Amino acid sequence: MTVGAGVGAAAPPLIEVRAVTVRHGAESVIDRVSIDFARAEIHAIIGPNGGGKTTLLRALLGQVPFTGEIRAGWRASGRIGYVPQRLRLGSALPITVAEFLFVAAQRRPLWSRWQRLRPDPEVAPLLRRLQLDHLLGRRLFELSGGERQRVVLLQALVPLPELLLLDGPAGGIDRVGLEAVESMLQELPAQGVTAILVTHDLDQVMRISQRVTCLHHQVRFSGPPAAVLTDDRVLSAFRPAELVASPVEAPR
Amino acid sequence: MTEWLRSATTSLASSGWLPETFAYAFMVRAMIACLILAPLLGVLSPLVVTRGLAFFSSAIGHSALTGLALAILLGESLDGAGAGVLCFCLLVSVAMTYVRHRSDLPSDTVIGVFVAFTLGLGICLLVAVTQRFNIHQVEALLFGSVVTVTESDLLFLLGVAVMTVLVIGPMFNGLFLSSVDPELAAARRINVARNDYFFLMMLTAVIVASAKVIGALMVEALVIVPAAIARNVAGSLRAYCVWSCVFACVGTQGGLLLGSFVPVPTGAAIVLVLAGLFGVTFVVSMATAAAARARGRAREAAGRK
């Protein structure tokens, strides 16, 4: 059976999230959340800040304790590519882009290689498409936020994962980079990759995702973007209830 | 190896190239000890600095003293206390890591609590110990002393070095990746917590083994300063590790040489040389950066014309 874009409904989902609750102290960050992530689709997660989007990704990564169940029906490598919101990287570590890609993908200690670091042949076209080939020798902490985010995305795509988790890359990506990133993401479903994309950019959701879920502690709505992203829903999801009830706020 | 190096240094000393102390066997043993220890600490140093473990190393140095006092009180001789010190330091290291992983407190606060505890305990125990031993004998562990390095110390050091290369080698990249982003490393199936334990236990063993040669207080410096010097000159991670090794070797051998001219403890001499190297590279890196800025301004000005 070929897994491709649009196989959708009949095939069992890649990831089934069932009544997952994550508590931080007494408060639940996400509360009895159930979502199906279909195979080979781009599934966007939207919602207000602090609504539990990143927490959901961390639960999927197994990095945070939760109650409930997350089932994965891996068919290929079962590999997860992860693009965090931002790297915790200071200028104390002078790691270059080429070295970062080597350290992420290889087991051999970095200092055991004396010759110049060259990216693997399968990485070269990705470097060009993400417009990173001229940055290989630059140090990671010197790059702009957008450039760094593209490097991290490239890291997540090598080797090709079965599930790609992207945490809010839209915010930090420059306009030129954004087109490159989006065209690359759009090709992933055809390669059998499922992507879960946390974003604030609703236009981006419309452009590239097949499904969108709005998360504010609980699932507010979920479905194909064109059908569910209506003005009312988006407004009520992103604004606290009291603001919607009395939309006029005195200017400060 | 010992014999060969000894005949080489003896002939160099008699021909006047090296100070005459290098004709003695203890000096040759000290040189060999430093040649094992320097590259080892040189490779670990960037990892220590990147992972923010400078204070951790200091805590292990302090607990070595407490461990020594404890071992002696339990009936060990001064020379046979090595294993006891290592066990105590490993215990402290594992306890510290366990609490660090689970506490909401910042890492340096947790380590500070352990430093306070081990120092307090150490001082109490030392008072008891000095009733039986001369305090100067215990001091050797604090400030290091080349004359006290024995053949068995060298074997212990070599053993720890081989173990460290075997354990840290395969997880080297993962350790760097997890200090860039632990969750990214975990997503790439790197066992971040396990790596952290293994790394810190090996670091503890290296610190304890080195303490006998250059002194507990000075090991802390040798774990931190080579990376600090290397960061001043390195443009990439690989250069960072290589320079750190080079400067650790230059610093230790330079310190031995300095110690044979001036009557100061070896450990202190080594640290002074390293600090001097840091000062020089810092000034050079500032000057290079200023020159680069000036070039940039000149190019801009030329572009406007």
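These legends describe close-up views of a predicted model. Residues count from 1 along each chain as written, chains are lettered from A in the order written, and side-chain values use heavy atoms, without hydrogens or water. Local features need pLDDT of at least 70, side-chain atom pairs count only at pLDDT 80 or more, and totals for chains, interfaces and linings use all residues.

**View 1. The three-stranded sheet of chain A.** An open sheet of 3 strands runs in the order S2-S1-S4 (chain A), with antiparallel pairing. Strands are DSSP runs of E, at least two residues, and helices are runs of H or I, at least four, numbered from the N terminus. Two strands pair if DSSP finds at least two bridges between them. At the edges stand S2 (27-37) and S4 (67-72) of chain A, each pairing on one side only. From one strand to the next, the twist averages 20°. S1 (residues 15-24) of chain A and S2(A) are joined by 7 bridges. Val20(A) has Val33(A) in S2(A) as its bridge partner.

**View 2. The six-stranded sheet of chain A.** Here 6 strands form an open sheet, S5-S6-S7-S3-S8-S9 (chain A), with mixed pairing. S5 (80-83) and S9 (218-223) of chain A each have a single partner strand, so one side of each lacks a neighbour in the sheet. The twist averages 15° from one strand to the next. S5(A) pairs in the parallel sense with S6 (residues 163-167) of chain A, over 4 bridges. Val83(A) stands opposite Leu166(A) in S6(A).

**View 3. Helix H1(A) and the six-stranded sheet.** H1(A) lies across S3 (42-46), S5, S6, S7 (194-198) and S8 (211-216) of chain A. The helix runs at about 150° to S6(A). Axes are lines fitted to C-alpha atoms, for helices over the stretch in contact; angles run from 0 to 180 degrees between N-to-C directions.

**View 4. The largest pocket.** Its volume is about 1,000 Å³, the space filled by probe spheres set on grid points joined across faces, edges and corners. A pocket is an open set of points on a 1 Å grid where a 1.4 Å probe fits, with protein on both sides within 12 Å along at least five of seven lines; lining residues have an atom within 4 Å of a point. Of the 28 lining residues, those closest to the centre include Arg88(A) and His101(B).

View 5. pLDDT, the predictor's confidence in each residue from 0 to 100, is below 50 over residues 1-8 of chain A.

Technical notes. Contact means heavy atoms within 4.5 Å.
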